[in-house]
Amino acid sequence: MAFPIITADQRLAEKRGIKGCILGPSGIGKTSLLWTVEADKTLFFDLEAGDLAVEGWTGDAIRPRTWQECRDFAVFIGGPNPALRDEQPYSQAHYDAVCEKFGDPTSLDKYDTVFIDSITVAGRLCLQWCKGQPQAFSERSGKPDTRGAYGLHGQEMIAWLTHLQHTRNKNIWFVGILDEKIDDFNRKVFAPQIDGSKTALELPGIVDQVITLAEIQSDDGQRYRAFINHTLNPYGYPAKDRSGRLDVIEEPHLGRLMTKIHGPVTPASDRLSFARPAPIETQTNTEEGVQ
């Protein structure tokens with residue numbers, strides 16, 4: 001058997017989905033982004049029961065109510081992980097059991113995009129489940145162990161996110177609330193609203209795109225909504241663009257954003273710079289003698 005090298009032609013011909021996270025304050029219109037995608041090719045993973053904003057949207061939805069259901073849907077969508085043992089979630093045995101329960105997984109082939117609203121609620125369901133597991137209780141006293149529950153919560157959330165991230169042929173979008181806080185140095189900082197610190201810290205490294213949906217003020221004082229996409233942005237919002245195709249600010253239209261991400265890429269030599277910025281030359285006003 002030859003070593004399974006994937007050639008450049010094979011890799012470039014693969015259908016690959018976008019894995020991203022959209023963060024924003026409550027009420028900014030995150031769920032309403034469903035109106036900007038193709039309804040017949042999008043599956044709405046409705047965890048918040050907050051579909052009033054998209055009443056009349058004609059796409060399909062699923063409504064998990066427990067963490068076990070969230071894990072079942074993740075393995076049904078993403079398939080099994082061959083590295084895991086049969087007793088572990090997302091294993092081949094887990095996948096087989098879920099397929100027997102839900103039916104033929106090819107029923108998901110018609111969906112290009114899975115819109116998960118929201119990761120904030122998923123974290124709450126996960127923590128509630130974790131608090132009932134043996135790791136959440138002290139072996140010595142039998143009393144609840146908060147540290148053990150949060151440790152398990154971090155492991156569960158990262159495993160869930162990572163499994164969905166490996167669904168190569170679908171776009172997976174996680175939606176979450178963005179918290180604004182003031183740190184000890186009186187600086188404004190932003191963080192995803194997710195129970196526990198581990199998930200919020202590791203989420204940007206798992207997904208390809210981190211996008212903040214924010215309200216921006218233009219030079220003439222007009223306020224408008226926009227996607228913030230670059231890590232180095234003047235507003236301090238969390239953002240990341242692994243595709244190299246997006247501008248710092250894009251219109252808040254998820255469908256057109258995905259089209260742009262899937263579009264032609266600018267050559268790396270044109271978009272990446274490894275040199276230090278040139279120093280700004282001091283302008284001398286010879287008439288006034290001022291430097």
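Helices, of at least four residues, and strands, of at least two, are taken here as DSSP runs numbered from the N terminus. On this basis the chain, examined as a predicted model, contains eight helices and 10 strands. The C-alpha trace spans about 85 × 55 × 50 Å along its principal axes. Of the 291 residues in the chain, 42% are buried. Among contacts between residues at least 6 apart in sequence, 59% join residues that are at least 24 apart.

The buried residues of H3 are His94, Tyr95, Val98 and Cys99. Viewed down the axis of H3, these buried residues fall within an arc of 135° and therefore line one face of the helix. An α-helix has 3.6 residues a turn, so residues three or four places apart point the same way. The buried residues of H3 pack against H2, whereas the face turned away from the buried side carries the exposed residues Glu100 and Lys101. Just after H3, Gly103 adopts a positive phi of about 105°.

Aromatic side chains were examined next. A search of the whole structure returns 10 aromatic pairs. Ring pairs join Phe45, Trp67, Phe73, Phe76, Phe102, Trp160 and Phe174 into a cluster. A charged side chain is also placed against an aromatic ring: Arg71 lies over the face of Trp129, at 4.8 Å from the ring centre.

Most residues other than glycine have a negative phi, and most peptide bonds are trans. Tyr90 counts as buried because its relative accessibility is 3%. Asn186 likewise has a positive phi, near 65°, and is located in the loop between strand E5 (171–182) and strand E6 (188–192). With a relative accessibility of 65%, Asn186 counts as exposed. A cis peptide bond, with omega about 10°, joins Asp117 and Ser118. Ser118 belongs to the loop between strand E4 (113–117) and helix H4 (119–130).

Lys30 is found in the loop between strand E1 (19–24) and strand E2 (42–46). Lys30 is buried but has no salt bridge; Asp117, the nearest side chain of opposite charge, is 6.7 Å away. Apart from its neighbours within four places in sequence, Lys30 is in contact with Ile22, Leu23, Gly24, Pro25, Phe115, Val175, Gly176, Ile177 and Leu213.

The loop between E1 and E2 also holds Ala39. At 15% relative accessibility, Ala39 counts as buried. Excluding neighbours within four places in sequence, Ala39 is in contact with Trp57, Thr58, Gly59 and Asp60. Ala39 and Pro267 are 228 residues apart in sequence, and their C-alpha atoms are 33 Å apart in space.

Side chains of opposite charge can pair when their charged atoms come close. The count for this model comes to 13 salt bridges. One of these joins Arg85 to Glu87, with the closest N and O atoms 2.7 Å apart; Arg85 and Glu87 are both exposed. Another links Asp183 to Arg187, where the closest N and O atoms are 2.8 Å apart. The side chains of Arg256 and Glu251 also meet in a salt bridge, at 2.7 Å from N to O. Arg256 counts as partly exposed at 47% relative accessibility, and Glu251 is partly exposed with a relative accessible area of 41%.

Methods:
Residues numbered from 1 in each chain as written. Predicted model: local features only at pLDDT ≥ 70, side-chain atom pairs only at ≥ 80, totals over all residues. Heavy atoms only, no water. Phe/Tyr/Trp six-rings, centres within 6.5 Å; stacked < 30°, edge-to-face > 60°. Lys NZ or Arg CZ within 6 Å of the ring centre and 35° of its normal. Buried < 20%, exposed > 50% of the residue type's maximum accessible area, 1.4 Å probe, protein only. Lys, Arg positive; Asp, Glu negative; His and termini not counted. Salt bridge = Lys/Arg side-chain N within 4 Å of Asp/Glu carboxyl O. Contact = heavy atoms within 4.5 Å. Arc of directions from axis to C-beta.
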